[in-house]
Amino acid sequence: MFNLVVLTGRLTADPELRYTGNNTPVTSFSIAVNRRYKAGEESQADFINIVAWRQTAEFITKYFSKGSMIGIEGSIQTRRYVDKETGKNRTAFEVIANNVQFVESKRDSSSNGDGTPSFSNAGTNEFVEIENTSDDDLPF
């Protein structure tokens, strides 16, 4: 059995860092992910709930904001609960982010004009900045 999700989308709101009772950092947010569509049809988006913990949560709240494009690798988690208003059983689906990456370059990003690195791996918190690249530099 395998549970792996890879998504690219835009944050629908600024992520907020919270802490659990034992001081573990966590953030919850959603991203808008465009659905493929046929020519002549109107574009549609799915809104997917994401949860990130510890260093990944801290990284996201520091470097991403509403409208930022983000790449997420994680797994789907389901939670069952009883709706307080109706008393009915409900199921919530969310993606637990294990790894996140920048997908926009500095010059393409309108929301991050603060010198944010172009690409990064939040799992290690080490930045790999790519500057002055153009399509002419690519080997293919």
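Modeller: Thr-27 counts as buried because its relative accessible area is 0%; here buried means under 20% relative accessible area, exposed means over 50%, and partly exposed is what lies in between, with a 1.4 Å probe and protein chains only. The model is predicted, so local features need a pLDDT of at least 70 and side-chain atom pairs count only at pLDDT 80 or more, while totals for chains, interfaces and linings use all residues. Residues are numbered from 1 along each chain as its sequence is written, and side-chain values use heavy atoms, with hydrogens and water left out.

Thr-27 belongs to strand 3, which covers residues 25–35; strands (E, at least two residues) and helices (H or I, at least four) are DSSP runs numbered from the N terminus. If residues up to four places away in sequence are not counted, Thr-27 touches Pro-15, Glu-16, Leu-17, Arg-18, Ile-50, Val-51, Ala-52, Ala-57 and Thr-61, where contact means heavy atoms within 4.5 Å. Another of them, Ile-50, is 23 residues from Thr-27 along the chain, and the C-alpha atoms of the two are separated by 8.3 Å.

Ala-57, also touched by Thr-27, leads us to helix 1, residues 54–63, where Thr-56, Ala-57, Phe-59, Ile-60 and Tyr-63 are buried. Seen down the axis of helix 1, these buried residues fall within an arc of 165°, so they line one face of the helix; the arc is that of the directions from the helix axis to the C-beta atoms. Arg-54 and Lys-62, on the other side of helix 1, are exposed.

The structure holds four salt bridges, and another of them joins the side chains of Glu-94 and Arg-79 at 3.1 Å, N to O. Here too the pair links distant parts of the chain, with Glu-94 in strand 6 and Arg-79 in strand 5 (residues 69–82), 15 residues apart. Glu-94 is buried, because its relative accessible area is 10%, whereas Arg-79, with 41%, is partly exposed. Leaving aside neighbours within four places in sequence, Glu-94 is in contact with Asn-49, Val-51, Ser-75, Ile-76, Gln-77 and Arg-79; one of these, Val-51, is also touched by Thr-27, where we began.

A further salt bridge is formed by Arg-10 and Glu-104, whose closest N and O atoms are 3.4 Å apart. Arg-10 lies in strand 1 and Glu-104 in the loop between strand 6 and strand 7 (119–121), so this pair ties together parts that are 94 residues apart in sequence. Arg-10 is partly exposed, with a relative accessible area of 36%, but Glu-104 counts as buried, at 15%.
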